[in-house]
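Subject: Structure handover

Hello,

Here is the structure I promised to pass on. Please open it first, then read my notes below.

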Amino acid sequence: MQSSPLKLKNGNDALFWTYDMPEGVKADSKNSFFLTMVNNDSVIVLNSVVIGSTKEEDIKQLLTRTLETIKLSPEPFNVEKLREPFKP
């Protein structure tokens with residue numbers, strides 16, 4: 001396992017970490033990548049795998065850009081209520 005701390009553009013700290021898939025695991029990928037961030041009492045984890053010729057740096061960039069777009073709310077929200085305007 002390898003890890004490196006990151007500072008996101010929004011000022012949040014995150015941890016990028018990766019590990020090799022164990023020998024004998026039947027998978028299309030050889031590595032699994034994670035970007036993890038703590039928000040109050042929650043942990044947000046994004047994950048991706050390398051398939052084919054995908055580069056680690058490309059995955060790191062995708063996960064980082066995705067995590068930087070997340071808008072955190074200090075209050076819990078009701079998903080059902082948020083869906084109401086979109087129901088047919």
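The largest nonpolar core has 13 residues. Ala14, Phe16, Phe33, Leu35, Met37, Leu63 and Leu67 touch the most other members. A nonpolar core here is a set of buried Ala, Val, Leu, Ile, Met, Phe, Trp, Tyr and Cys residues joined through side-chain atoms within 4.5 Å. Buried means under 20% relative accessible area, exposed means over 50%, and partly exposed is in between (1.4 Å probe, protein chains only). β2, β3, β4 and α1 each supply at least two residues of this core. Helices (H or I, at least four residues) and strands (E, at least two) are DSSP runs, numbered from the N terminus.

Please note that this is a predicted model: local features need pLDDT of at least 70, side-chain atom pairs count only at pLDDT 80 or more, and totals for chains, interfaces and linings use all residues. Residues are numbered from 1 along each chain as its sequence is written, and side-chain values use heavy atoms, with hydrogens and water left out.

Which residues does Leu67 contact, leaving aside its neighbours within four places in sequence? They are Leu8, Asn10, Ala14, Leu35, Met37, Ile44 and Leu46. Contact means heavy atoms within 4.5 Å.

Now the sheet. Four strands form an open sheet, in the order β1-β2-β3-β4, with antiparallel pairing. Two strands pair if DSSP finds at least two bridges between them. β1 (2-7) and β4 (42-51) stand at the edges with a single partner strand each, so one side of each has no neighbour in the sheet. From one strand to the next, the twist averages 20°. β1 and β2 (residues 13-20) run antiparallel and are joined by six bridges. Pro5 has Leu15 in β2 as its bridge partner. Helix α1 (residues 56-68) packs on the sheet and touches β1, β2, β3 (29-39) and β4. The direction of α1 makes about 150° with that of β4. Axes are lines fitted to C-alpha atoms, for helices over the stretch in contact, and angles run from 0 to 180 degrees between N-to-C directions.

Next, charges. How many salt bridges does a search of the whole structure find? The search finds three. A salt bridge is a side-chain nitrogen of Lys or Arg within 4 Å of a carboxyl oxygen of Asp or Glu.

- Lys7 and Asp13 meet at 2.9 Å, N to O. Both are exposed.
- Glu80 and Arg83 meet at 3.3 Å, N to O. Both lie in helix α2 (residues 79-83), three residues apart, about one turn of the helix.
- Lys87 and Glu80 have their closest N and O atoms 3.9 Å apart.

Salt bridges link Glu80, Arg83 and Lys87 in a network. Glu80 is partly exposed, at 43% relative accessible area. Arg83 is partly exposed at 43%, and Lys87 is partly exposed at 42%.

Last, the rings. There are four aromatic pairs. Rings of Phe, Tyr and Trp (its six-membered ring) pair if their centres lie within 6.5 Å; planes under 30 degrees apart count as stacked, over 60 as edge-to-face and the rest as tilted. Why does the pair of Trp17 and Phe34 count as stacked? The ring centres are 4.2 Å apart and the planes are at 15°, so the pair is stacked. Trp17 lies in strand β2 and Phe34 in strand β3, so this pair ties together parts 17 residues apart in sequence. Phe34 is buried, with a relative accessible area of 12%. Trp17, Tyr19 and Phe34 are linked into a cluster by ring pairs.

Best wishes
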